[in-house]
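Subject: A structure for you to look through

Dear colleague,

I am passing on a structure that I would like you to look through, with the sequence beside you.

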Amino acid sequence: MPDMISDPTAIEQPDWSPDPAISWLLTEGRFNDSVRGAFDSYMERLSADGAPISRSALIVSTLHPLVRGWGLRWTRQGGTGLEASFYHATRNAPAYLVSPIHHIHEKAERIRRRLNIPEAQLDYPVLQDMKDQGYTDYIADPLVFSDGTVSVLTFCTEKPEGWTDGDLALIDRLSATLAPVIEAISARRTALILMETYIGKRSGRKVLDGHIRRGDGETINAVVWFNDLRDSTALSEELPMNRMLALMNTYFEISALAIQNNGGEVLRFVGDAMLGIFPVSEETGGETAAAERALRAAFLARDNISEANAERRRNQEPAINFGIGLHIGEVMYGNVGAPARLDFSVIGPAANRAARVESLTKELGIPLLTSSAFAAISPLEMASAGLHRFKGITDMQEVFTLPEFLPPGD
């Protein structure tokens, strides 16, 4: 770093010390369960001990399918009052490309700019903003994590003369000490994001809480959702791979968001099918409330698919159609698979019946079917769609749908 001090003993010592804050960070602070909590407390301790820092920002790189990083901003007057996300889609945004953050991500080297001198080098637009706000000196430091990922820590001061060499020597220690602690705390956040992305929010938290052995699980009562794409074989033969992938992603995004936005969890993508659950609990209103959430999700998925299909028709793309099967019952919710390759999912007759119910939607030409068990606790009136035989089940099973979905004359 160009501004690091080579011989700290040769400079005048500042009238403040970072030692108490650093000691707290390396003992209590590293056990904080959030980066925001650790960062805010660290900065508040530094401020209380006289550190000439008026503003600081922390930008942490992360591993996420949508978000490439997120940031916190602390000020002496307001504490940590801002948290923002930075998306992959904005990687080439002009505001980012002309920022010190982009420079540090690319070069991993410190930027220091004096803002209180006539010949101030204001080569990034944000520096003029900082000067206009009364700051006199600016530093942006790379925080290099053990895997090579570069995060960013910035500091501003309002000291009339700016930072002295002694101040800079102590700030070097602040950055060096903060990096491993932030890496350790943010690693759990990243792990949680990955767990939620790949196996779902509820399941991900269970895995991180230690439910990692094959057979770990619990019996729960849940509405089980199963949906399947129509005509997928024909579509895959008709469409180029990139267009088929785009269709599948649209279909999965709409159905998954419908489940998640109504209190359910997506457990698995199976080819062009999807398995989800709406757990039943007294805290969330019992079976009828779970059934209501599942129906709301089905309506939302149907409406959003209709909107997507209108756009697809305008673009001369084939429509997306799928069926939904709903059942309620007890399932085993936990780890299943090989010793070193596990899947966190639900198994049991209830999951199988939801799949069997859904398989009839194509045969009957009805987009939504439910079992008799679901119809019995549904908050909406359900109409019988007849008795049918399920594979592997001896007795005929009655399935139900909403009256509006029954073919004319039934």
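Of the 410 residues of the chain, 48% count as buried, where buried means a relative accessible area under 20%, exposed means over 50%, and partly exposed is in between, with a 1.4 Å probe and protein chains only as cover. Please keep in mind that this is a predicted model, in which local features need a pLDDT of at least 70 and side-chain atom pairs count only at pLDDT 80 or more, while totals for chains, interfaces and linings use all residues. Residues are numbered from 1 along each chain as its sequence is written, and side-chain values use heavy atoms, with hydrogens and water left out.

The overall picture comes next. The secondary structure comes to 12 helices and 14 strands; these are DSSP runs numbered from the N terminus, with helices (H or I) having at least four residues and strands (E) at least two. Among the contacts with a separation of 6 or more, 61% are made by residues 24 or more positions apart, a contact being heavy atoms within 4.5 Å. The chain exposes about 20,500 Å², and carbon and sulfur atoms supply 51% of that area, which was computed by the Shrake-Rupley method with a 1.4 Å probe.

Which residues have the most contacts inside the largest nonpolar core? In this core of 50 residues they are Val223, Trp225, Phe278, Leu326, Leu368 and Phe374, and a nonpolar core here is a set of buried Ala, Val, Leu, Ile, Met, Phe, Trp, Tyr and Cys residues joined through side-chain atoms within 4.5 Å. Leucine 326, when residues up to four places away in sequence are not counted, touches a list of residues that includes Val223, Trp225, Ala294, Val357, Leu368 and Phe374. A second, separate core has 33 residues, among them Leu58, Leu143, Val181 and Ile185.

Pro100, Ile101 and Ile104 are buried in helix 4, and because they cover an arc of only 105° around the axis, they lie on the same side of the helix; the arc is taken from the directions that run from the helix axis to the C-beta atoms. As background, an α-helix has 3.6 residues a turn, so residues three or four places apart point the same way. On the other side of helix 4, Glu106 and Lys107 are exposed. The buried residues of helix 4 pack against several elements, including strand 1 (55-61), helix 3 (94-97), helix 5 (125-132) and strand 6 (150-157).

Alanine 108, in the loop between helix 4 and strand 4, has a phi near 55°, a positive value in a residue other than glycine, and alanine 108 is partly exposed at 35% relative accessibility. Aspartate 231 lies in the loop between strand 7 (217-229) and helix 8 (232-238), and its phi, near 60°, is again positive in a residue other than glycine.

Finally, there are the charged pairs. The count comes to 15 salt bridges, each being a side-chain nitrogen of Lys or Arg within 4 Å of a carboxyl oxygen of Asp or Glu. Arginine 173 and aspartate 19 meet in one of them, at 2.6 Å from N to O; arginine 173 lies in helix 6 and aspartate 19 in helix 1 (residues 19-27), so the pair ties together parts that are 154 residues apart in sequence. Arginine 112 and aspartate 137 form another, at 2.7 Å from N to O, and this pair links strand 4 with strand 5, 25 residues apart. Both arginine 112 and aspartate 137 are buried, aspartate 137 with 0% relative accessibility. The side chain of aspartate 137 also meets that of arginine 114 in a salt bridge of 3.7 Å, N to O, and arginine 114 is partly exposed with a relative accessible area of 29%.

With best wishes
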